[in-house]
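Let's take a quick walk through this model, stopping at a few spots worth a look on screen.

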Amino acid sequence: MAATSIASATNKLTDQSPPLSLHTSAARPYAASLSFSNSSISIQKLAISATSRNLSSRASADAVVSALKMARGSEKASQPRNSDLGVKSPKPTILVSEKLGEAGLDLLRSYGDVECLYNLSPEDLCAKIGEFDALIVRSGTKVTRQVFEAAKGKLKVVGRAGVGIDNVDLQAATELGCLVVNAPTANTIAAAEHGIALLAGMARNVAQSDASMKAGQWQRNKYVGVSLVGKTLAIMGFGKVGSEVARRAKGLGMHVIAHDPYAPADRARALGVELVSFDQALSTADFVSLHMPLTPTTDKLFNDATFAKMKKGVRIINVARGGVIDEDALVRALDAGIVAQAALDVFTKEPPSKDSKLVQHENVTVTPHLGASTKEAQEGVAVEIAEAVVGALRGELSATAVNAPMVPPEVLSELAPYVNLAEKLGRLGVQLVAGGRGIQSVKVVYGSSRASDNMDTRLLRSMIVKGIIEPISDAHINLVNADFIAKQKGLRISEEKLLVDSSSESPIDSIQVQISNVGSKFESALLDNGNISIEGRVKDGVPHLTRVGAFSVDVSLEGNLILYRQVDQPGMIGTVGTILGESNVNVSFMSVSRTVKRVKAIVAIGVDEAPNKETLKKIGEVPAIEEFVFLDL
Ligand SMILES: NC(=O)C1=CN([C@@H]2O[C@H](COP(=O)(O)OP(=O)(O)OC[C@H]3O[C@@H](n4cnc5c(N)ncnc54)[C@H](O)[C@@H]3O)[C@@H](O)[C@H]2O)C=CC1
Ligand SMILES: O=C(O)C(=O)COP(=O)(O)O
């Protein structure tokens, strides 16, 4: 079944997604009749590894940028997106809803139209959001599902100028295909320094004695403090801020322990910090400093039961999130003397009510969420988030994406050519499906000569999903929502890696897409197991279709494709070529594959123009052509 290439087209990978509409009468009816079953909704992942959040450099190669634009683009070709670097498009619009450092604003202004509207009510935000491609917030703006819905698909990216993203409804963002990025590094030191300031200030009653003096008092005996040296500090959440607090507390002569189920022990060891269990931390610490994110698991993690496990007279610092503490329980613990003092920068509700018992408690020191508020941190955060948002609007994958895969540049540059191939195979596969049962299960087999099983295929999987779903639905698929929409449509994707013998340097040799349990418009595309199967490779940077069903072919996946099965006999190329030539359709590529000489052959013809109905009808009527299908790539 050797494939014979008769002509070759070697266009370079372009940065445009092809038109996605199925503009032939042949393609649309069967495509439109497809439906997805909702019964099976699991996405299986095989041979997929997590990728690092930390990118050291920006993706730069043209091919990578092209691939990223396609990967991130959610628009169909008929709906150009103004944020996609189109020269003719208007500038992207960016709403900044909280105070941001000037350097970041300058950067944003150099790229888009920036509007700063502070203190918007939730209603005002919903009313305005539909005008913007990007929204930049700090902790004070709640980006709720209502906000994403009110955006009506216009909002492409939400930038959180800081770390905590608990004020952004990530589920809604993901469902609606909006990327969320944050600025996770620039305020780490500021938050850690604030933690240390609260620790030391609390231990020496700085705030209380200051207030007392300003009220005309001189109370030296009342404000006798406690020393830090030799005391045990438990860091709860040994991430970026927690580690920096630990480092500084060691310098103050404290004995530092930490609890963090996900922190690597060697990082703790390197700082001279012992990682301990939750209970051990609580029962041995004189000071407890909180540095974990607010998640469903950490919500009110510090409550009556946990305070009861603490050493009597413990002192608590919280510069993480108010919600990790049950605030009523803390008041009880303070009143009972279990907790001697607390120093809090963050609150369940911000600002807290004026008569909050916690805020008013004499043993509590409070600051109005100032952890990240140093000049240096705010400038740094502003630049960090502006770069992330501009990059995202340009179609680049972000190093700080919160709800999308973060793919390191080196992986991207390797995978870029396959991104295009993956989408084309998805588009081609779905067009081969005959209407009726609906697509429920797709198997993707990546042929690779690399033994390592940590190949990150999320980008490719997303593009296959995009290729399969977009032509037959109104869904706009991008890297953010591909898995979600696949699940929602009941589409189960399983992935497999097949070790192949190849001298190729690239991470992938071939991609095979199998669609199970569906009939095909083109029976020759079915394997013995009944699955539609198509396989492709990248040759000279161009995606090629290399196998249809059990037949080897070789045709570049560009423009349009005619596939037919014919009786293997002389003169067929001339017959079909003449029909196409008569209607001025240019052949770009042709491949003939046969099983047995003079019996049966599969022919794949790439054409520059879509043949009209009449031409396709004539091809279908050639007596030796047993079945044929026209595919829009
Ligand atoms: N007050 C302020 O202005 C600021 C507050 N923050 C907050 O500080 C917190 C930490 O920030 P980063 O250190 O930058 O984040 P990070 O992600 O580097 O560290 C968080 C750590 O918490 C750990 N963790 C998660 N669940 C845990 C659990 N149940 N028990 C113990 N540890 C757990 C994680 O493994 C991680 O190591 C975040 O909530 C962030 O929003 C950060 C900057 C400024
Ligand atoms: O970065 C964080 O998580 C913070 O809490 C800082 O919040 P802010 O940007 O100062 O509202």
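Start with the stretch running from residue 561 to 633: its end C-alpha atoms sit 7 Å apart, and the span is 27% helix and 42% strand. UniProt, in an unreviewed entry, places the feature "domain: ACT" at residues 561-633. Keep in mind that this is a predicted model.

Next, a pair of helices. Two packed helices are described by the angle between their axes and the distance between the axes. Here are the two partners, with the residues each one brings to the contact:

| Helix | Residues | Contact residues |
|---|---|---|
| α3 | 102-109 | Glu-102, Ala-103, Gly-104, Leu-107, Leu-108 |
| α15 | 375-393 | Glu-379, Ala-382, Val-383, Ala-386, Glu-387, Val-389, Val-390 |

Sorted by class, the contact of α3 with α15 has eight nonpolar, one polar and three charged residues. The packing angle of α3 and α15 is about 20°, and their axes are 7 Å apart. Angles under 35 degrees count as roughly parallel, so α3 and α15 are roughly parallel to each other. As for handedness, α3 and α15 make a right-handed crossing.

Where is Asp-286 found? Look in the loop between α11 (278-284) and β10 (287-290). A polar atom of the Asp-286 side chain lies 2.8 Å from the backbone nitrogen of Thr-232. Setting aside neighbours within four places in sequence, Asp-286 is in contact with Lys-231 and Thr-232, and also with Lys-311, Gly-313, Val-314 and Arg-315.

Methods: Residues numbered from 1 in each chain as written. Chains lettered and ligands numbered in written order. Predicted model: local features only at pLDDT ≥ 70, side-chain atom pairs only at ≥ 80, totals over all residues. Heavy atoms only, no water. Axes fitted to C-alpha atoms, helices over the stretch in contact; angles between N-to-C directions. Helix = DSSP H or I, 4+ residues; strand = E, 2+ residues; numbered from the N terminus. Parallel < 35°, antiparallel > 145°, perpendicular 65-115°, else oblique. Left-handed = near helix turned anticlockwise from the far one by under 90°. Contact = heavy atoms within 4.5 Å. Nonpolar A, V, L, I, M, F, W, Y, C, P; charged D, E, K, R; others polar. UniProt positions renumbered as here; feature names shortened; annotations may be inferred. Polar contact = N/O pair within 3.5 Å; in protein donor to acceptor, adjacent residues only side chain to side chain.
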